[in-house]
Each structure stands twice: as C-alpha cells, then as structure tokens.
Amino acid sequence: MSSTRSLMRFMRRSGQLPVHDFLAPALFAPNRRCLSSTAQKGAAQAQDASANSNAQKPKRKPLTKEQREFLSSALRVNQAGELAATLIYTAQTPPMVNAHPHLRPLMRHMYEQEAGHLDTFNSLIAKHRVRPTALYPVWSVLATGLGWGTAVLGREAAMACTEAVETEIGTHYNEQIRALLEMFQQWEAEGYEVGDELRELVGTLRRIRDEELEHLDHAVEHDARKAEPHWLLTGVIRAGCRGAIWASERI
Ligand SMILES: [Fe+2]
Ligand SMILES: [Fe+2]
C-alpha cells in the first residue's frame, strides 16, 4: 500500500498522473478512501462517516477497454479531420479570394472556426495522451491538394468540396455524440454518475458539429450545387472522407 502511495505521489509530482483524465487506466482512478486512510489519527472517525455518506452517492464506473479505445480513436480522428479542414481552407483561400474578393470574409470565418476546432482537439489529445494518427503527412498532402484543386476548378467546385466534407463530418460528429449519450444513459440506469468532463466533451462535440453544419449551409447558399458534375465531385470527396475517417480511427 505504501509503495502504491509513493508511486502515486511521484507520478502526481512529475505530472504523469492525470487526475481528471477520463482515459486514465482504472488502476490510477482517484480513490479517496485509499489515498487518505492514514492522513491523521484524529480524523479517522470523520473519514468513516464520510466514507459511509460517499457510499450513498453515485460513483463513476471505470471505462471498459472498448470504451477507452472508442474515446481515444474519436479524439484521434477528430484531430486529424480538423487538421485537414484547416489545410483545405488554407489552400482554397488564395485562388478563391483572387477570383472572388467578396468571399474573403466568409473564407476567413470558416478557416478561423476550423483553427479553433483544431486547437480544441490538439489540447484534448495532449491532455489524454492520445497518439495522433500516423497518417498525418498523407492527410496533409491530400487535404492541401483537395483544397487547391477544387478552388482552381472554380467557386462552385470549392463550395461543393465544403458541402461534401461537412456532410460527412456532421454525420461523423453526430455518431460520436449518439454513442456517448447511449453510454451515459446506461451508466445512469446502473446508478453511476457520468462526470463533468465527459459531459463537457459532448457539449464541445455538439458545438463543433453545429459549426460544421453552418459551413455546409454557407456552401449551399454559395452555389455548391451548381458545380459540374456535382454528383461526381461530392460523391468522390464524401467517399474519400469516409475512408480517411475509417483509417484515422485505426492508424
Ligand atoms: Fe471543423
Ligand atoms: Fe468545417
């Protein structure tokens, strides 16, 4: 017991023990009864009373291996997707703004939102020590090529690219939100509490999903559906997005 306490103390000091980390293995989940049992002699009775009252309160259920893997791959694929989104807009902006200067504020607005999403997932993967996708260099080249290529094809093609990407990404975020809410529902039915951190994550995913769908609306308002041939362009890009999501969740 004392060696476990020393290890926990060392990891806290060295910053290796994330106290509020929903992806921390169950071994390191904070257990107040274990950590405070030898605190002070005189506090023993108070601790017993507090332990009894804690027993009445709902507790967190440790994540299963599958749930940890789901959350890790969700953060990994979201970070990769947002990186790709910033690169698409970075590559699209110069040809688009050259040909259509009135689109500058819209392009800047969408880029800034994507940069905000990328910051969010960069922080989350660092906080939860999730490995980024190994396919980073591949997505970087493909996203830049897709952004530049569609912008050179014209305003409608660039907007069709946004329409296709955001359709897939909106669906992807919705699936993650649904899976998390189902997980929460099950925990609550079993008498466990969900915790603020995971609730915050769902709030973040909802906000980002709404901003992606806003980009989709902007694209349609700016003639995405007039791209020629719209069905081919959006079909190929949407299939590419689904493939990239599938691969980034795993690699
Ligand atoms: Fe985004
Ligand atoms: Fe977006």
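Start with the contacts in the protein chain, where two residues are in contact if their C-beta atoms, placed from the backbone, lie within 7 Å. Of the contacts with a separation of 6 or more, 84% are between residues 24 or more positions apart. This is a predicted model: local features need pLDDT of at least 70, side-chain atom pairs count only at pLDDT 80 or more, and totals for chains, interfaces and linings use all residues. Residues are numbered from 1 along each chain as its sequence is written, and chains are lettered from A and ligands numbered from 1 in the order in which they are written.

Next, colour by secondary structure. The protein chain has nine helices and zero strands; here helices (H or I, at least four residues) and strands (E, at least two) are DSSP runs, numbered from the N terminus.

Now look at burial. A residue is buried if 20 or more other C-beta atoms lie within 10 Å of its own, exposed if 12 or fewer, and partly exposed in between, with C-beta atoms placed from the backbone. By this rule, 27% of the 251 residues of the protein chain count as buried.

Zoom in on Glu114, in helix H5 (residues 104-127). Glu114 is buried because 24 other C-beta atoms lie within 10 Å. Leaving out residues up to four places away in sequence, Glu114 touches Glu82, Ala85, Thr86 and Tyr89.

Move to His215, in helix H8 (residues 196-221). His215 is also buried, because 23 other C-beta atoms lie within 10 Å. Beyond residues up to four places away in sequence, His215 touches Met110, Thr162 and Glu166.

Finally, select Ala84, Ile88, Ala160, Cys161 and Val165. These have the most contacts inside the largest nonpolar core, which has 40 residues. A nonpolar core is a set of buried Ala, Val, Leu, Ile, Met, Phe, Trp, Tyr and Cys residues joined through C-beta atoms within 7 Å. Helices that each supply at least two residues of this core include H4 (65-99), H6 (136-153), H7 (155-189) and H9 (230-250). H4 gives the most, with 13 residues. End on Cys161: apart from neighbours within four places in sequence, Cys161 is in contact with Ile88, Leu146, Thr150 and Ile237.
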